[in-house]
Amino acid sequence: MARLKLFGSSISGNCLKPRWVAERLAIPFDWVEMDIIAGATRQPEFLSLNPSGQVPLAVLADRRVLAQSNAIMLHLAEGSDLVPADAFDRAKMYEWLFWEQYSHEPTIAVRRWRRAYLKQSDADLDPALLTKGQAALSRMDNALEGRRYLVGDRLSLADVALVAYTRWAPEGGFDLDGLPRLTTWIAHVERALGLPPTR
Ligand SMILES: N[C@@H](CCC(=O)N[C@@H](CS)C(=O)NCC(=O)O)C(=O)O
């Protein structure tokens, strides 16, 4: 009997997002580790599955294929407590998911990737990555005032999506020290997901 297959890289926050959701919801899956540094996602066989040449990629038990980390998470978590039942809270969760992909990941994940894996020096990196990423982290710290989770009063996909690269932000040269609400939230979400603490 075929089961869910997740193509991903363990050094990619985008890839870990659907993996964490599958683990939390006890959805059986096979993980196919992809060496993105060696160009595994650009090989013809993989491109025939995902013409965008990116991971994560889910091949469902019925062989249908789904890309984009947040779309995969949403599909896996459909009907679970990771998706708020309340319509407004659900919309708030989407607000955070869209913001993550437009304003958070493109600065924090990109700077981390270039610095930690492509070994680019700080002087070679676009300074806007640092200022925009640091502003995104402050925006989260402010939003967490008086809150344990980003949406409502329980863990949702908003927390799962945003913790992925927020917890690794220091690898991108971002400073979390002046952001106490954010660091408390990171530790809390890591615990909820059963992840080793990053701090
Ligand atoms: N918006 C996409 C981004 C996916 C993405 O950037 N994947 C990277 C790893 S984090 C990748 O596959 N890189 C390899 C390549 O582009 O060849 C998502 O959330 O899934």
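Biologist: Which residues lie nearest the centre of the largest pocket?
Modeller: Of the 24 residues that line the largest pocket, Asn14, Ile36, Gln54, Val55 and Glu105 lie nearest its centre. Here a pocket is an open set of points, on a 1 Å grid over the protein atoms alone, where a 1.4 Å probe fits and protein lies on both sides within 12 Å along at least five of seven lines, and lining residues have an atom within 4 Å of a point. This is a predicted model, in which local features need pLDDT of at least 70 and side-chain atom pairs count only at pLDDT 80 or more, while totals for chains, interfaces and linings use all residues. Residues are numbered from 1 along each chain as its sequence is written, and side-chain values use heavy atoms, with hydrogens and water left out.

Biologist: Which helix gives the largest share of that lining?
Modeller: That is α4, with seven residues; α1 (13–24) and α4 (87–117) each supply at least two, helices being DSSP runs of H or I with at least four residues and strands runs of E with at least two, numbered from the N terminus.

Biologist: And what takes up the space of the largest pocket?
Modeller: The ligand does, by the criterion that more than half of its atoms lie within 2 Å of the pocket's grid points.

Biologist: Which residues are closest to the ligand?
Modeller: Thr41, Arg42, Val55, Ser69 and Gln101 are the closest of the 13 residues that surround the ligand, counting a residue if one of its heavy atoms lies within 4 Å.

Biologist: Changing topic, what kind of peptide bond joins Val55 and Pro56?
Modeller: The bond is cis, with omega about 5°, and Pro56 lies in the loop between α2 (44–49) and β3 (57–59). Most peptide bonds are trans.

Biologist: Where is Ala26 found?
Modeller: Ala26 is in the loop between α1 and β2 (29–33), and has a positive phi of about 55° although it is not a glycine.
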